[in-house]
Amino acid sequence: MKKVSFLVPAFNHASYVKATLDSIWLDDYPNKEIVIVNDGSSDNTADIIKKWGEEKKWQGIVYRERENRGITRTLNELIEISTGEFIRIFSSDDLLKYGSTQKMVRILESDSSAAAIFGDADVIDGNDVVIHTSMLEMNGANKRRLSNEKCLPQEIVSNWAVSGPVLLIRKEYYKKLGMYDENLLVDDWDMYLRLLCTGGLRYIDDYVASYRIHGGNVSRTRLREK
């Protein structure tokens, strides 16, 4: 199977980053790398990541740290560093659902016209307690319409509701479509719109991650009106 690059922009998530990395490490996808950029964390996030990497002793872990540059610039840097044919992006407080990457890669591999695929996530709090069974429904999505290939474009355009690490994308499409726009409030919505224009955006009605909500983060999806 082709390589998947799991990209982790880390910022002040000392309480959660180890669990995030463990969820990626323990996943059953066999050909992967984990690329981490510490975006100027002021807590001990860096120490936790370094210790975790030292314990794993695996060449597939790439780690960089530097001053704070913000999430979008960090995402673009991570994409440039990555070497996989497919990319999944994880905030340093979210969790991967075991086996989800295998399912998503198989769908893209069986459909040469597909550029990317996204799914749903359950929503957890700072103590790993599920507070909502569906991130998409929590944000107002109509999952029936997302599952309909004809309705999906209108749902993404008019009712943006996607948060968290639910997208798997072919890396080549960043070259075709451009990187994340650092001037936008909701840069991921912009990327989904660009993917729609290719006709290659797919949806899987399955839970592919756990999206964490706690006192230290804010969902940019909820800025859609602004």
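**Figure 1. Buried residues of helix α1 in the predicted model.** In this predicted model, helix α1 covers residues 17–25, and its buried residues are Val17, Thr20, Leu21, Asp22, Ser23 and Ile24. The elements that cover these buried residues include two strands, β1 (4–10) and β2 (32–39). Helix α2 (45–56) and strand β5 (95–96) are also among them.

**Figure 2. Buried residues of helix α4.** Helix α4 runs over residues 100–109. Ser100, Thr101, Gln102, Met104, Val105 and Leu108 are its buried residues. The cover over them includes β1, β4 (86–89) and β5, and β6 (116–124), β8 and β9 (201–212) are also included. An α-helix has 3.6 residues a turn, so residues three or four places apart point the same way.

**Figure 3. Arg170, a buried residue without a salt bridge.** Arg170 belongs to strand β8, which spans residues 167–170. Which side chain of opposite charge is nearest to Arg170? That side chain is Glu109, 4.1 Å away. Apart from neighbours within four places in sequence, the contacts of Arg170 are Glu85, Phe86, Leu108, Glu109, Asp111, Ser112, Ala114 and Ala115.

Figure 4. Glu77 is part of helix α3 (residues 71–81). Is Glu77 buried or exposed? With a relative accessible area of 16%, Glu77 is buried, because the limit for a buried residue is under 20%. A network of salt bridges links Glu77 with Asp39, Arg64, Arg66, Glu67 and Arg69. The C-alpha atom of Glu77 is 9.4 Å from that of Pro9, a residue 68 places away along the chain.

**Figure 5. Two salt bridges that involve helix α6.** The structure holds 17 salt bridges. In one of them, the side chains of Lys143 and Asp120 meet, with an N to O distance of 2.9 Å. Lys143 is in helix α6 (residues 143–146) and Asp120 in strand β6, so this pair ties together parts 23 residues apart in sequence. Both Lys143 and Asp120 are buried. In another salt bridge, the closest N and O atoms of Arg145 and Glu155 are 3.1 Å apart. Arg145 lies in helix α6 and Glu155 in helix α7 (residues 152–158), so the pair ties together parts ten residues apart in sequence. Glu155 is buried, at 5% relative accessible area.

Figure 6. Lys176 and Glu172 form a salt bridge in which the closest N and O atoms are 3.2 Å apart. Both residues lie in helix α8 (residues 172–177), and they are four residues apart, about one turn of the helix. Lys176 counts as exposed at 55% relative accessibility, whereas Glu172 counts as partly exposed at 39%.

Figure 7. How many cavities of 30 Å³ or more does a search of the whole structure find? The search finds one. The volume of the largest cavity is about 30 Å³. Its lining consists of Leu136, Ala141, Leu146, Glu155, Ile156, Asn159, Trp160, Ala161 and Val162. By class, seven of the lining residues are nonpolar, one is polar and one is charged. Glu155, one of the lining residues, also forms the salt bridge with Arg145.

**Figure 8. Loop residues with positive phi.** Most residues other than glycine have a negative phi. Asn12, which is not a glycine, has a positive phi near 50°. Asn12 sits in the loop between β1 and α1 and is partly exposed, with a relative accessible area of 28%. Lys57 also has a positive phi, of about 50°, without being a glycine. The position of Lys57 is in the loop between α2 and β3 (61–66), and Lys57 counts as exposed, at 74% relative accessibility.

How values were computed
Residues are numbered from 1 along each chain as its sequence is written. This is a predicted model: local features need pLDDT of at least 70, side-chain atom pairs count only at pLDDT 80 or more; totals for chains, interfaces and linings use all residues. Side-chain values use heavy atoms; hydrogens and water are left out. Buried means under 20% relative accessible area, exposed over 50%, partly exposed in between (1.4 Å probe, protein chains only). Lys and Arg count as positive and Asp and Glu as negative; His and the chain ends are not counted. A salt bridge is a side-chain nitrogen of Lys or Arg within 4 Å of a carboxyl oxygen of Asp or Glu. Contact means heavy atoms within 4.5 Å. On a 1 Å grid over the protein atoms alone, a cavity is a set of points where a 1.4 Å probe fits but cannot get out, and a pocket is an open set with protein on both sides within 12 Å along at least five of seven lines; lining residues have an atom within 4 Å of a point. Grid points are joined across faces, edges and corners, and a volume is the space filled by probe spheres set on the points. Ala, Val, Leu, Ile, Met, Phe, Trp, Tyr, Cys and Pro count as nonpolar, Asp, Glu, Lys and Arg as charged, and the others, Gly among them, as polar.
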